[in-house]
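Reader: Could you take me through one part of this model closely, the place where the chains meet, and then show me how the packing inside looks? I'd enjoy one connected account.

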Amino acid sequence: MAKKLKPRVPRRPLYEGADWTFDLVKEAYDEIERIGVGEMGLDIYPNQIEVITAEQMLDAYASVGMPQMYRHWSFGKHFAREEALYRRGHRALAYELVINSDPCINYIMEENSMTMQVLVMAHAAMGHNHFFKNNYLFKQWTDADSILDYLSFAKRYVAECEERYGIEAVERVLDSAHALMNQGISRHPTRRKARTLAKERQRELQRREYEAETYSDIWRTLPRSAEPREVENKAGESAGKLALPEENILYFLEKSAPKLESWQREIIRIVRMMAQYFYPQRQTKMMNEGCATFVHYEILNRMYDQGLIGEGAMLEFLHSHASVVFQPRFEEPHFSGFNPYALGFAITRDIQRIVEEPTAEDREWFPEIAGSGDALAVIKEAWSDYRDDSFILQFLSPKVMRDFRLFEVHDKSAAPFVNVTAVHDETGYRRLRRALARHYEAAAQDPDLQIADADLAGSRQLVVHHKVRNGVLLDKEAADATLPHLAQLWGFRVRLLEVDGETGKTLKEHEALPMPH
Amino acid sequence: MHIVDRRLNPKAKSLGNRQRFLRRARGEVREAVREALKGRKVAEVDGGEKVRIRTKSLKEPSFRSGRATGERDFVLPGNREYMVGDSIRKPDGGAGGRGNKGSPDGEGEDDFVFSLSREEFLDLIFEDLKLPNLVKARLKDMKSPKPVRAGFVTDGPPARLNLVRTMRNSLARRVALRRPSEAELQELERLLGEELERSPPEPERIAELEKRIRHILHLRRSVAYIDPIDLQFNRYDRVPKPSTQAVMFCLMDVSASMTEELKDLAKRFFMLLHLFLTRHYREVDVVFIRHTTEAKEVDEESFFKDTETGGTVISSALQEMQRIVAERYPVADWNIYAAEASDGHNFDDDMDRCCELLTSSILPLTQYFAYIEVNEPTTGTPRESIVWSAYSEIAEEVANFAMQRASSPADIYPVFRELFSGAEKAA
């Protein structure tokens, strides 16, 4: 905040009042880019800014932020719910939406005031954009340059399937695949090389071309062999040959489920690709928002210092910035976990502080970076080389823990009380930091499920293991509702064993058969 | 950097998702609509509706860790007084663990509230209802299209060939491609004839002329007089013909025996009938006739609001209706519907006259005549009113007459459905 007290360069602000025009937005963007890229050295994809209405924003929301998403009733449901909340004034819409693509597409709403447009462009077109382009997880897992093409391919493919096989048949596959989406992620990149999305699309097109060329109507009249051929080929294969255990259930189903038609496999594949595409976002949510918030804060302040925005605009900005980074206390009624903007911003700002004005404590905790001088360089390195859990483990400082007044509790399900096991003091800092990092480990958020065994020769029973950690079993209701979807895709009986990770004892068993339709 | 204005992109991009969602939730939504209908007022009836449905068929399940077993650690912000070793009582519902669960779409919610548009709402109401006397309706339905000229196309049936335009194209093409005219050919042939008659013949000249004629014939063969690309056809658009109109007569007994509740019941019935008609006809006129011993045409407001004292003579209303039809609604142009509501009282000696009026003059005019008898809720079978027993005879003989009883708002909708499905069977 000290910066703002500096004498201001006398320059006429870019705009006054709340109204925006396309020229103004363009002009403001140029200044933002000058500061973001020129002064701060951000490395971004070229930006494309699209102005949309509130309805279109709701639309985009409903299809998980993707404008080109294939059709499914669940998106309609989310839209209806979001719309109802919005109309009743229970929820404000996001001011922006940004797609990790090259060029980076930023949606801004027409309802925004000019100041909000500036904030949004600094936040998304600079902050998120830089993060997408530089973070190692995004580099490793997502193809910014082909995602849009892949999406439109997926949309067309699903639509064609609906036409050929009926909306309901497609819906059944999608429903089941969606239920298993969190189990459709390969967490270890080394095992299978991720194919780029462009290649994916290419692959399917070629396959279909081949099908079309070799299609002969006569074959259709031949009686189908009762036994699907793939099973015959695979009969007698052991779990080892199927490369079990397999954590990516959707992948396993796509490759090995005996009864699926090829279009059903392709649809599962599409869902799997989506899950994989969104996986880095889940792993870096807090950092990503922290990055964007830090960038917009920095850019807006610099703009103010350079006289590009007026006092009124600055106040408006600070007001909405403050509400974005607000963290409710755990007892407050609207508390719903950590606000990723708040935590991400606080840690990032704190790195800046540690680098520029370290205290003795910082020198002890962060000897490598404390007082090293170039805060932005350190922060940019963090943005590219870390994800939420490792970021916390590396950079969460005692000061931020004190500011947030963090404490750790231990919860035994049976007990009516939870016990406080650490607070923000000398003895608690490290423990708090470890615990919070663990909470952000994406792998720890999803239950650990693996395909353990598949009997392809005999009963065709599929066995799935849930590796139970600390005695936490699956939510029974959810498991009972989800397992039939797995059985549906597999086509035969599925057993789910909840196995204790340490003792190897089976704690609980679920079973499901495919539903007839 | 580009700025793109997407605001004008086609609206309702999520329509496909919406339809899939409604289809999925159909059963629940239908229930909710029926419920909503019970409590609706006339003024609101023609709008969308907020409905609350159970999310049973809309669950999107996934595997997740439960709360019932095991041990977990989590970090929370905002500690004020706790020290290591303190115990905190868990809030009800185990909300202490919320830090672990960021599920934003609140899967746990059982109820789900959203808005249906007017169209969706009405579609659901009328889903399986059919208009009686569909024959006439279909003939006059506003969907019956009327061809309207709409420019020209290059393809079409021969009957639509536009000669003037086709010939204009042909001429232009022939000129452009230098197709020799008939006159040119004739001129050469005449010259050739002259040469042939001349003596001594000049073979060179003849050969030259013959060559030119051959060339001209060749050109005329290769450049057609009328080529397919010249063809122009008239194009017609089919525009819906706004010919359908319907008038709906609401007849109601407003004598003292009709209480507010009974009128309210009747109102809902009229309301539904009106809605139903507006779905099928572009224009629907509504005529309100209330009666005690005398009938009077009134506006909607006083139709439902005012009470009068006096006895009941139903035939007065029928006569009034007959008069208005004759005056304002020629049967050739209007589909006439009538709905009568009463509590079943009438002067005894008026019944014969009513039946006479109905069978001889009114029923032949109307598409459909519906009588609804509203009663206070009673236990057991309702006593048969004189109107009911007299109308029953008509109902047995005439297909476009139907009657029903209703005693609570919730009865109205089933009554309404039954009226029309019954007519469908009879028709």
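Author: Happy to. Two residues are taken to be in contact if their C-beta atoms, placed from the backbone, lie within 7 Å. Please keep in mind that this is a predicted model.

On that basis, the contact between the chains draws 79 residues from chain A and 59 from chain B. On the side of chain B that touches chain A, the elements giving two or more residues are the strands β1 (2-5), β3 (71-76), β4 (87-89) and β5 (111-116), together with helix α1 (15-24). By class, that side of chain B holds 20 charged, 20 polar and 19 nonpolar residues.

The largest nonpolar core numbers 164 residues, and M121(A) and I267(A) have the most contacts inside it. Helix α12 (residues 262-305) of chain A supplies the largest share of this core, with 19 residues. If we set aside neighbours within four places in sequence, M121(A) is in contact with A28(A), Y29(A), I32(A), I49(A) and N106(A). Another core, of 51 residues, lies apart from that one, and F269(B), M321(B), Y371(B) and Y391(B) are among its members.

The crossing of α7(A) past α21(A) is left-handed. From α7(A), the residues R172(A), D175(A), S176(A) and A179(A) meet T482(A), H485(A), Q488(A) and L489(A) of α21(A). This contact has four polar, two charged and two nonpolar residues.

How values were computed
Residues are numbered from 1 along each chain as its sequence is written. Chains are lettered from A and ligands numbered from 1 in the order in which they are written. This is a predicted model: local features need pLDDT of at least 70, side-chain atom pairs count only at pLDDT 80 or more; totals for chains, interfaces and linings use all residues. A crossing is left-handed if the near helix is turned anticlockwise from the far one by less than a right angle, and right-handed if clockwise. Helices (H or I, at least four residues) and strands (E, at least two) are DSSP runs, numbered from the N terminus. Ala, Val, Leu, Ile, Met, Phe, Trp, Tyr, Cys and Pro count as nonpolar, Asp, Glu, Lys and Arg as charged, and the others, Gly among them, as polar. A nonpolar core is a set of buried Ala, Val, Leu, Ile, Met, Phe, Trp, Tyr and Cys residues joined through C-beta atoms within 7 Å. A residue is buried if 20 or more other C-beta atoms lie within 10 Å of its own, exposed if 12 or fewer, and partly exposed in between; C-beta atoms are placed from the backbone.
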